[in-house]
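Open your viewer and get ready to select residues by number.

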Amino acid sequence: MQWVDENNKLIRMNTAKVVIDNAVCPTATLVKVHIATKRGVLLDALQLFADLDLSVKAYISCDGWWFMYVFHVTDRFGRKLTDGVIDYIQQSVGAWTEPSQPVALAGLTVLELTGADRTGLISELFAVLADMGCSVAAASAWTHRGRLACLVYLRDDDAVRVARIESRLGPLFRGVSDDASAGVVAVPACSVPHADRRLHQLMWAARDPDRAFPTPSVSVESWERGYSVVTVQCPDRPKLLYDVVCTLADMDYLVVEGTVDTSRGEALHEFYIRNADGSPTSSEAEMHRVSQRLQDAIERRSFEGVRLELCTPDRPGLLSDVTRTFRENGLLVAQAEVSTKGDMATSVFYVTGTTAGQPVHQSAIDAVRERVGIDRLVVEEHRPQLYEDDHDGDGTGLLYSLGNLVKMKFYNLGLIWMSPFRNKSRRFI
């Protein structure tokens, strides 16, 4: 029947076609995604890469109803992906078009906590949770510009008990200030987006717009036919591309064309964007708002310090004990990522000295090691620029390799599309 055929066409159009090739490029794994116009697929892909701690260079393009994303992907050490990681990516593709809530979130409650950051605040948070007998399944915390945003996933969905926890923690984060953005909100875990995305949202809502800080290079310019051009140039770091695209998505912008180049430790992103409803972005105030929000998102994970990774059997009060040890030894937690699997807990803390940016003394690290166990703590210096430069050493990075790759592939197929952006000719892989 005719309507059955049309329905099948729609299903095929909204199903992402993903091809992963580990042979065509000598220095990276090529991941190609083709899909009909569907919001969120680009962010879903980048979110997956970020969760796997992968480095990404990208080419993004749109032809009418169809989007094409080409990613050059390596691990954090600049190596091509292993078969196990490739299999995991292929198994995750279905969630990009047919999202479902992970079973692991069932029965969990998320505490969303925001407020002015101060020495020992995270330690006090986990001390209260330990005192109330709370079981923490996972947690993520960011600090930026004197603000703290934190998500704590509790194995508890009892409304009365959760209300008591909120009441106990509220004064801790609000203090004596009249800061309307500070406080504690408990929500079901199934209603919370990806943790990194939610932290970006919380940090933006709690920002201080009157404070001025040095910012990375972000420019937003109006272009014809309702499009705007966003250019980001700053030191490269892990998850930078995800942070930029996530921020644009939260502002309800659609990326319709773009290139992402990284070479010699620098990142250059250029995106053509438009409002999701098709309306133009032409006012100076709106373009300034986009620029400011992107600058904040880039800065939040751009800091130097020490990365401490702790893998140990989970137990009640573990996070309280660890963060108290940090406080007693003059360590500030700039970011934290905590997860549990079975009876094991993995915690990653990014710490600085007693003042943000101050070096961490070896004596403090030794004290932490003695308390938690020498064989359970991995210590490494953390800097924003972790990715290797382009392997060719010619500084051309992605743009050179993609250009040659596209040329090699498509002259044989005879396919060409004329991009409406800057009259560039785009040949598709």
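**Stop one: the cavities**

A search of the whole structure turns up two cavities of 30 Å³ or more. On a 1 Å grid over the protein atoms alone, a cavity is a set of points where a 1.4 Å probe fits but cannot get out; its volume is the space filled by probe spheres set on the points, which are joined across faces, edges and corners. This is a predicted model, where local features need pLDDT of at least 70 and side-chain atom pairs 80 or more, while totals for chains, interfaces and linings use all residues. Residues are numbered from 1 along each chain as its sequence is written, and side-chain values use heavy atoms, leaving out hydrogens and water.

The largest cavity has a volume of about 140 Å³. Select Leu-54, Val-56, Lys-239, Leu-240 and Leu-241: of the 17 lining residues (those with an atom within 4 Å of a point), these are the closest to its centre. Now colour α2 (41–51), β3 (55–63), α8 (240–250) and β11 (253–263), the elements that each give two or more residues to this lining. Helices (H or I, at least four residues) and strands (E, at least two) are DSSP runs, numbered from the N terminus.

**Stop two: a salt bridge**

The structure holds 20 salt bridges, each a side-chain nitrogen of Lys or Arg within 4 Å of a carboxyl oxygen of Asp or Glu. Select Asp-131 and Arg-168, whose closest N and O atoms are 3.0 Å apart. Asp-131 sits in helix α5 (residues 121–131) and Arg-168 in helix α6 (residues 159–174), so the pair ties together parts 37 residues apart in sequence.

Definitions and conventions: On a 1 Å grid over the protein atoms alone, a cavity is a set of points where a 1.4 Å probe fits but cannot get out, and a pocket is an open set with protein on both sides within 12 Å along at least five of seven lines; lining residues have an atom within 4 Å of a point.
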